[in-house]
Every structure is written in C-alpha cells, then in structure tokens.
Amino acid sequence: MLKPPECLSLWNIKESKNGILNYDEILTQTKAALELLEKQNPDKILTLGGECSVSVPPFSYLGHKYKGDVAVVWIDAHKDLNLPGDSYEGYHAMALASCCGLVDKEGIAKILPYHFSPKDCILVGVRDFEGKKERLEEIVVSYLSPENSKAPEKLLQWLNNSGKSKVVVHFDLDVLDPSELVMAVGVVENGLKIAEVLNLINAIHANYELVGLTIAEHLPRVAIKLRNIMRELPLL
C-alpha cells in the first residue's frame, strides 16, 4: 500500500471557460498518479476520497500488473459510462468508460497501462442511468439492480463466470440509500444499506483476491453546513 504522505489527490479536475472538459489537466494528473504507482510498485491499493475518476489510474495499474487477471466490480448509483459528446461531460461520470480505454483515446487512454474489457466489468446497485441506459448494451457491461445486489449470490456467480482470480472494487458512497447515509455528491433514493454493501465486499474478499478498493465521493455535508453556521455566530 502507498504510504500516506505519498497519496495523490485527483479531485481538482477543472473545466475550461467554455465548459468543455480540460483533458490536458486530467492527463497531467493521471500521469502523476501512474508515475507514483510505478515507483512504489504496490501489490494492493486502497484509495480513499475524491470523485469516481480516482479509480482509473490504480485500477489500470493493477490490471497491467496482474496481466488482465482482474475483474472490476463497480458499486455505484450511476453507470459512469458517459462518453465525450454526451450531454454531461464531467470526467467522473466517464470513470468506468475510461478504465475500458474509451475516453480521450489519443491522450488519457494511450497512457493507461491497461484497458479492461467491458465484459470483465459489472455495475452493482446502479439505479440512475442519466438517460443513457442503452449505453450498457452498447458497451456490453453487466449490471445488478439494487434489488439483485442485496445478497452476494448473483455477484459471486458473475465473478465465477468471469474466470478471474483477482478483483478491484469501486465503492461510490452514493450507492447507499440516503436513509442510511447522505455523504456522497449525488443523492439517489432506493439504494443499498450499509450492511448490504459490506456483505458484498466481504463476500468478494472471502472468495477472491481483493487487490484494489476505492471508497469515493466522500462529502461530509453535515460538517460543511455546521462550519458555515459557526462562521455566522459570535465568538466563533
């Protein structure tokens, strides 16, 4: 695992003045992350915080390190399969597509050491398709609805069929039902319970080698609101 002082943030991805994504800045940060990973040469990677694109460099690194013997479990309320030209072009919404080498093919995709095949990726708990549910069929990515994600059997069956011995897991906090935790950037009703997500990840760990885990979109809304309230109070 990377030592805390050498952890790298990919949060500050900016857009240009005309609203178009600044791929040059994303490319620079992706290169920096990959250089750090290559220097440290970790066998397993835990990534905490940031938006969904923080999974792209470590997952690609691990896919290359283990010569493709890695399945991707993407636990998220959203599909993260947007492509350039879609109505919403935020890179975090393209994160899984980028892991598959489908974004900025002459830039970001070219420097990623490994591109996952979409057939080796599964979306778990997805319920907000952002108007592009057909993208799942276009790219051929498997998915489990929240109802089919409450127990690990269907996920384990998919993993068994994948033939992979290692797994990377992306856990976006917005997959959780807001009645359990409102922490992520997005808030989507009818999600999974904390215990259900923990059960899924622990079941993966019990049956496969878990080599990568991301916990993404930590946004402490209550703490931010409390800070803003305190700023307006006397003597604080």
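Trainee: Which elements do the buried residues of α7 pack against?

Mentor: Before the answer, a caution: this is a predicted model, in which local features need pLDDT of at least 70 and side-chain atom pairs count only at pLDDT 80 or more, while totals for chains, interfaces and linings use all residues. Residues are numbered from 1 along each chain as its sequence is written, and side-chain values use heavy atoms, with hydrogens and water left out. Helices (H or I, at least four residues) and strands (E, at least two) are DSSP runs, numbered from the N terminus. With contact meaning heavy atoms within 4.5 Å, the buried residues of α7 pack against β2 (70-75), β3 (121-124), α6 (153-162), β5 (166-172) and β6 (209-216).

Trainee: Which residues of α7 are buried, and which are exposed on the face turned away from them?

Mentor: Buried means under 20% relative accessible area, exposed over 50%, and partly exposed in between, with a 1.4 Å probe and protein chains only. In α7, Glu196, Val197, Leu200, Ile201, Ala203 and Ile204 are buried. Seen down the axis, they fall within an arc of 155 degrees (taken from the directions from the helix axis to the C-beta atoms), so they line one face of the helix. The face turned away from that buried side carries the exposed residues Ala195, His205 and Ala206.

Trainee: How is β5 paired with β2 and with β6?

Mentor: Two strands pair if DSSP finds at least two bridges between them. β2 and β5 pair in the parallel sense over six bridges, with valine 167 of β5 as the bridge partner of alanine 71; β5 and β6 also pair in the parallel sense, over seven bridges, and lysine 166 stands opposite glutamate 209 in β6. Seven of the seven residues of β5 are buried: Lys166, Val168, His170 and Asp172 point one way, and Val167, Val169 and Phe171 the other.

Trainee: How many residues has the largest nonpolar core?

Mentor: In soluble globular proteins, nonpolar side chains tend to be buried together. A nonpolar core is a set of buried Ala, Val, Leu, Ile, Met, Phe, Trp, Tyr and Cys residues joined through side-chain atoms within 4.5 Å. The largest here has 37 residues, and those with the most contacts inside it are Val72, Trp74, Leu81, Leu96, Phe116, Leu123 and Val141. Its largest share, five residues, comes from α1. Apart from it lies another core, of 24 residues, among them Ala71, Ile122, Val197 and Tyr208.
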